[in-house]
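Please guide me through the reading of the structure shown below, giving the general idea before each particular case.

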Amino acid sequence: MTDSQPLLPNPDDLDSVFEDAPEDHHSGVVAVVGRPNVGKSTLINRILGQKIAAVSPKPQTTRKRQLGILSDEKTQMIFVDTPGLHLPRTRLGEVMVKVAENAFRDADVILVLQDVSEMPDRADQHMAETVARLRGETPLLLLLNKADLLSKAKRLELIAAHSALIAYDKAMLVSALNGDGVDELVKELIARMPLGPRYFPVDQVSEANMRFIAAEIIREKVLLHTEQEIPHSVAVEIEGYRELEDGRTEIDALLYVERDTQKGILIGKGGEMIKKIGTDARKELRDISGTSVHLELHVKVLKNWRSDPKLLQRLGYTPPSEDES
Ligand SMILES: Nc1nc2c(ncn2[C@@H]2O[C@H](COP(=O)(O)OP(=O)(O)OP(=O)(O)O)[C@@H](O)[C@H]2O)c(=O)[nH]1
Ligand SMILES: [Mg+2]
């Protein structure tokens, strides 16, 4: 799925396999929004009990909309992971913010995450204004995340400062990292789902295919191992993805950077850096796919791709279309 396609299938087109849902089946869309690095993707991985989204300590890890699906017999919730709301400085940043803003339109419930361990600043204020502008009448839960990092001395002060930012229907203290408060959150969300169809099979957790997941995992390892402008200058394209008869999976990936100097850094002395990234990515892809994985990484310069509309489009960074329903 790309960011310019409708979020959910039209109920009239749903396959008959989903029609065994009970008559009082509930379903809905939960948009997960907030500033970069507050823990949106970590929360979705935690709720689903499996990793579907890339996570890193660097801001702006998530670049594309990604769905996580949580189902039981009676309810289906579609979580929309979004790029962080920020003041964009590149065209890629602009596309990312548009993708995040567009997620408000489809939502039955909006989850706004904040990092409660730090005092809110002007950027939080700006984020709160964006949320107020876009939420309409949609119910909003404010999640004060990273509760595990709350210092005792400043606990009340921090909670009060964050709670004052946004008008919410309910505020909850959670830790996406250790799971505190997440069961209560899921119960709260289930209770808020309207009557609706089962959009996806009960056992499906993501709409992403293995190519997409492979690209995200490789990019995550780049984010984890590199510093300064490198993490943000890398895009990953899967050139080949082959499941061989002997059970192995062969993946060829291209890592694009914006300049020659970045290429040198990403490859590293004697290829050390790219090797580290490859080893980490291969291990994780092996665990996810359950097969042994052969991973080839190549680095190429795609000059200033983050500012070039054509290159952004080629790499799948497309803004949502205005007339999407
Ligand atoms: N201590 C602590 N760290 C957390 C928690 N939730 C997330 N993190 C960490 O915060 C960092 C950012 O997490 P992400 O899930 O990538 O954040 P995000 O909001 O998706 O970030 P973007 O995709 O960049 O917008 C990672 O290093 C996480 O491990 C939490 O509850 N407690
Ligand atoms: Mg993210």
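Q: Which conventions should I keep in mind?
A: This is a predicted model, in which local features need pLDDT of at least 70 and side-chain atom pairs count only at pLDDT 80 or more, while totals for chains, interfaces and linings use all residues. Residues are numbered from 1 along each chain as its sequence is written, chains are lettered from A and ligands numbered from 1 in the order in which they are written, and side-chain values use heavy atoms, with hydrogens and water left out.

Q: How many helices and strands does the chain have, and how compact is the chain?
A: Helices (H or I, at least four residues) and strands (E, at least two) are DSSP runs, numbered from the N terminus. The chain has 10 helices and nine strands. Its radius of gyration, taken over C-alpha atoms, is 20 Å, close to the 20 Å that the globule rule gives for 325 residues, so the chain is as compact as a globular protein of that length. That rule is 2.2 Å times the number of residues to the power 0.38. Along the principal axes, the C-alpha atoms fill a box of roughly 55 × 50 × 40 Å.

Q: What share of the 325 residues is buried?
A: Buried means under 20% relative accessible area, exposed over 50%, and partly exposed in between (1.4 Å probe, protein chains only). Buried residues make up 50% of the 325 residues.

Q: Which residues come nearest to ligand 1?
A: A residue is near a molecule if one of its heavy atoms lies within 4 Å of it. There are 23 residues around ligand 1, of which K40, T42, Q60, T61 and D148 come nearest. Helix α1 (residues 40-48) gives the most to this shell, with three residues. By class, the shell holds eight nonpolar, 11 polar and four charged residues. Here Ala, Val, Leu, Ile, Met, Phe, Trp, Tyr, Cys and Pro count as nonpolar, Asp, Glu, Lys and Arg as charged, and the others, Gly among them, as polar.

Q: Where do oxygen atoms of ligand 1 approach polar backbone atoms?
A: An oxygen atom of ligand 1 is 2.9 Å from a polar backbone atom of G39, and an oxygen atom of the ligand is 3.0 Å from one of S41. For the side chain of N145, the distance from one of its N or O atoms to a ligand oxygen is 3.2 Å. Taken alone, ligand 1 exposes 660 Å², and the protein buries 91% of that. Such areas come from the Shrake-Rupley method with a 1.4 Å probe.

Q: What span does helix α6 reach?
A: The expected span is 1.5 Å times one less than the number of residues. Helix α6 (residues 210-225) has 16 residues and reaches 23 Å from its first C-alpha to its last, close to the expected 22 Å. Buried residues in α6 include I213, E216 and R219.

Q: Is D124 buried or exposed?
A: At 7% relative accessibility, D124 counts as buried. D124 lies in helix α3 (residues 122-134). A polar contact (a pair of N or O atoms within 3.5 Å; within protein, one must be able to donate a hydrogen and the other to accept it, and residues adjacent in sequence count only if both atoms are side-chain atoms) of 3.0 Å joins the side chains of D124 and R35.
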